[in-house]
Amino acid sequence: MKQSSIRSSIAALAGLSLVVASCGSDTGAEPDASEPVAAETVAPAAGDEDVADEDVADEDVAAVVDTTTAEPAAVEELPTIVVTTNILGDVVGEVVGDLASVVTVMPVGADPHDFQASAQEVDSMMNADALIVNGEGFEEGLLDVIENATGDGVPTHEAMSTVEPIEFGAGGHDHGDDDHGDDDHGDDDHGDDHGDEAKDDDHDHSGVDPHFFTDPMRMAAAVEGIVEFLRAEVDFADPEALGASADAYVAELVAVDGDVEGLVASIPEEQRVLVTNHEALGYFADRYGFEIVGAVIPGGSTTDSVSAAELAELAEIIEAEGVPAIFADTSSSDQLVQTLASEVGDIAVVSLFTGSLGDADSEGATYLDAVRTNGQRISDALS
């Protein structure tokens with residue numbers, strides 16, 4: 001725009017301002033509302049047609065830069081990975097970081113053996129880009145949903161599929177086993193005997209134990225399988241970052257394993273015996289050299305029942321072994337445990353994070369925290 005045109009426009013506007021100000025100061029009267037306001041539009045002076053063009057151009061620019069009504073730029077949607085348990089949800093979340101949106105079905109404190117999903121939770125599983133489950137029947141109340149999701153084409157991975165499994169009872173012996181502590185952990189005959197003994201009651205003590213996560217090194221094996229599955233099924237923006245994150249997390253698992261080994265080292269070998277709420281610590285016992293002498297609920301699920309005769313038998317074992325503590329679950333009722341403890345007398349009830357993580361301000365807020373805390377509480381109770 002020419003300088004002469006700019007000066008001419010400024011002069012015209014200044015002159016108009018003086019006229020308006022003069023009219024207002026002469027009479028002090030308000031302008032007649034019936035008369036048009038003189039400054040509403042300003043015609044360009046002769047030879048200044050480019051002023052009007054400049055005004056139009058400025059309006060066009062203003063329309064471009066005005067973001068108050070503009071549509072937001074499209075954001076690339078992250079893949080959604082749905083995980084059944086909050087233990088695995090924490091692990092998967094740590095591994096994938098901000099590469100995906102991780103949705104955990106079971107909230108903190110939920111008992112995975114009897115958890116029932118809401119309609120919204122079912123919908124999230126059915127529409128996931130990938131579904132990760134514990135496996136081996138651990139999520140008893142979700143088995144139909146998992147089957148349906150898999151049947152509908154949702155890529156599904158069982159964490160147990162890359163873990164070296166053990167049978168129920170492999171970490172110890174049955175209540176009536178007189179050869180206390182003589183069986184080898186991997187003795188297949190022991191598992192068969194367990195099944196035979198179970199014929200007399202309503203409990204099935206045989207089969208693969210799904211509580212692999214009580215051993216952090218088996219969790220490390222599970223992480224490797226999870227990463228392999230996700231790489232094959234999920235389109236990540238940065239696949240290399242997934243591998244680096246997984247390696248870093250596995251290193252943390254190794255460190256926690258070392259911490260637990262250091263904690264249990266203070267427990268004399270003859271005192272490394274466990275009585276639990278249900279059969280949930282088999283992998284822990286297998287990893288760190290413990291023997292499970294009994295469970296209040298003689299089975300792998302908190303939904304199993306127990307008879308008075310079985311409780312009486314377990315009480316006798318506790319007294320004979322001089323067991324100082326019974327280990328309960330933070331995610332299930334300890335009523336039976338407390339009843340047994342009161343019958344035996346002079347025995348502690350210690351809660352462990354064996355089915356669920358704890359609240360954000362607890363000692364089991366993350367999987368790594370929970371494993372370390374379990375080791376500390378077992379060590380404190382048995383040392």
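## Hidden spaces

A cavity here is a set of grid points where a 1.4 Å probe fits but cannot get out. By this rule, the chain in this predicted model has two cavities of 30 Å³ or more. Rolling a probe the size of a water molecule over the atoms is what shows where empty space is left.

The largest cavity holds about 110 Å³ of space. Its lining includes Ile-87, Phe-213, Thr-214, Leu-281 and Phe-284, along with Phe-353, Ser-356 and Leu-357. Tyr-367, Ala-370, Val-371 and Asn-374 are also part of the lining of the largest cavity. Helix H12, running over residues 367-382, gives the largest share of that lining, with four residues. Sorted by class, the lining of the largest cavity has nine nonpolar residues, three polar ones and no charged ones.

What about the second largest cavity: which residues lie nearest its centre? They are Asp-111, His-113, His-278, Ser-331 and Gly-355, from a lining of 12 residues. This second largest cavity has about 40 Å³ of space, and its lining comes out as eight polar, two charged and two nonpolar residues.

## The chain as a whole

The chain has 383 residues, and 43% of them are buried. Its secondary structure comes to 12 helices and eight strands. If you look at contacts with a separation of 6 or more, 66% of them join residues 24 or more positions apart.

Average pLDDT for the chain is 80, and 69% of the residues score at least 70. Two stretches call for some care. Over residues 1-47, pLDDT stays under 50, and the model has 17 contacts beyond four places in sequence for them. Residues 172-203 also stay under 50, with 49 such contacts beyond four places in sequence. Where pLDDT is low, the predicted coordinates should not be read in detail.

Glu-136 has a positive phi of about 55 degrees, although it is not a glycine. You'll find Glu-136 in the loop between strand E3 (130-133) and helix H5 (143-151). Is Glu-136 buried, exposed or partly exposed? Glu-136 counts as partly exposed because its relative accessibility is 41%.

Asp-346 has a positive phi of about 55 degrees too, and it is not a glycine either. Asp-346 is in the loop between helix H11 (335-344) and strand E8 (348-352). With a relative accessible area of 82%, Asp-346 is exposed.

Technical notes: Residues are numbered from 1 along each chain as its sequence is written. This is a predicted model: local features need pLDDT of at least 70, side-chain atom pairs count only at pLDDT 80 or more; totals for chains, interfaces and linings use all residues. Side-chain values use heavy atoms; hydrogens and water are left out. pLDDT is the predictor's confidence in each residue, from 0 to 100. Contact means heavy atoms within 4.5 Å. Helices (H or I, at least four residues) and strands (E, at least two) are DSSP runs, numbered from the N terminus. Buried means under 20% relative accessible area, exposed over 50%, partly exposed in between (1.4 Å probe, protein chains only). On a 1 Å grid over the protein atoms alone, a cavity is a set of points where a 1.4 Å probe fits but cannot get out, and a pocket is an open set with protein on both sides within 12 Å along at least five of seven lines; lining residues have an atom within 4 Å of a point. Grid points are joined across faces, edges and corners, and a volume is the space filled by probe spheres set on the points. Ala, Val, Leu, Ile, Met, Phe, Trp, Tyr, Cys and Pro count as nonpolar, Asp, Glu, Lys and Arg as charged, and the others, Gly among them, as polar.
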